[in-house]
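Student: Before I rely on any label in this model, I would like to hear which criterion stands behind it. Could we go through the labels one at a time?

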Amino acid sequence: MFITLMKSKIHRAKVTEANLDYVGSITIDEDLMDSADLMKNEKVQIVNNNNGQRFETYVIPGERGSGMICLNGAAARLVHPGDIVIIISYGMFDRKEAAEFTPKIIFVDENNNVKEIKGEEEHGHIYQP
């Protein structure tokens, strides 16, 4: 049996762009993708802290060092530039792999630069960029 675990997440990233006319997906700065172990075309869940929307899409690489978080196509209707989002990837693991797995949790500043990388979350911990 396999179970699904959080593989990685980018916590509290700022949406830099929302473009209804782009091909549908989320464009993410490649530096952030590398930090969060995200691959081109990987399925991710987006959680919008500003309006509570949760939706899934796939990743397109954005310019390195740009801090870009751009929602494209229909997903652009669910965010506004400046919104704070959490980008979550998941993986399927057998029980042995799951017991040994450590996720990557990427904390970013107000410009979507990596500030800290952790392997676990603490209940009640509030992250301030």
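Student: How many salt bridges does the structure hold?

Tutor: The structure holds six salt bridges, a salt bridge being a side-chain nitrogen of Lys or Arg within 4 Å of a carboxyl oxygen of Asp or Glu. This is a predicted model, in which local features need pLDDT of at least 70 and side-chain atom pairs count only at pLDDT 80 or more, while totals for chains, interfaces and linings use all residues. Residues are numbered from 1 along each chain as its sequence is written, and side-chain values use heavy atoms, with hydrogens and water left out.

Student: Why is the contact of Lys 7 with Glu 42 called a salt bridge?

Tutor: The side chains of Lys 7 and Glu 42 meet at 3.0 Å, N to O, and the criterion asks for a nitrogen within 4 Å of a carboxyl oxygen, so the pair qualifies. Helices (H or I, at least four residues) and strands (E, at least two) are DSSP runs, numbered from the N terminus.

Student: What makes Lys 7 count as buried?

Tutor: Buried means under 20% relative accessible area, exposed over 50% and partly exposed in between, with a 1.4 Å probe and protein chains only. Lys 7 has 15% relative accessibility and therefore counts as buried; Glu 42, at 13%, is buried too. Asp 37, which also forms a salt bridge with Lys 7 (4.0 Å, N to O), has a relative accessible area of 43% and is therefore partly exposed.

Student: How do you know that strand 4 and strand 5 pair?

Tutor: Two strands pair if DSSP finds at least two bridges between them, and five bridges join strand 4 (residues 43-48) to strand 5, which run antiparallel. Val 47, for instance, stands opposite Arg 54 in strand 5. A salt bridge also links Lys 43 with Glu 56, the closest N and O atoms being 3.4 Å apart; Lys 43 lies in strand 4 and Glu 56 in strand 5, and both residues are exposed.

Student: What makes a set of residues a nonpolar core, and how many residues has the largest one?

Tutor: A nonpolar core is a set of buried Ala, Val, Leu, Ile, Met, Phe, Trp, Tyr and Cys residues joined through side-chain atoms within 4.5 Å. The largest has 21 residues, and those with the most contacts inside it include Ile 10, Ile 28 and Val 85.
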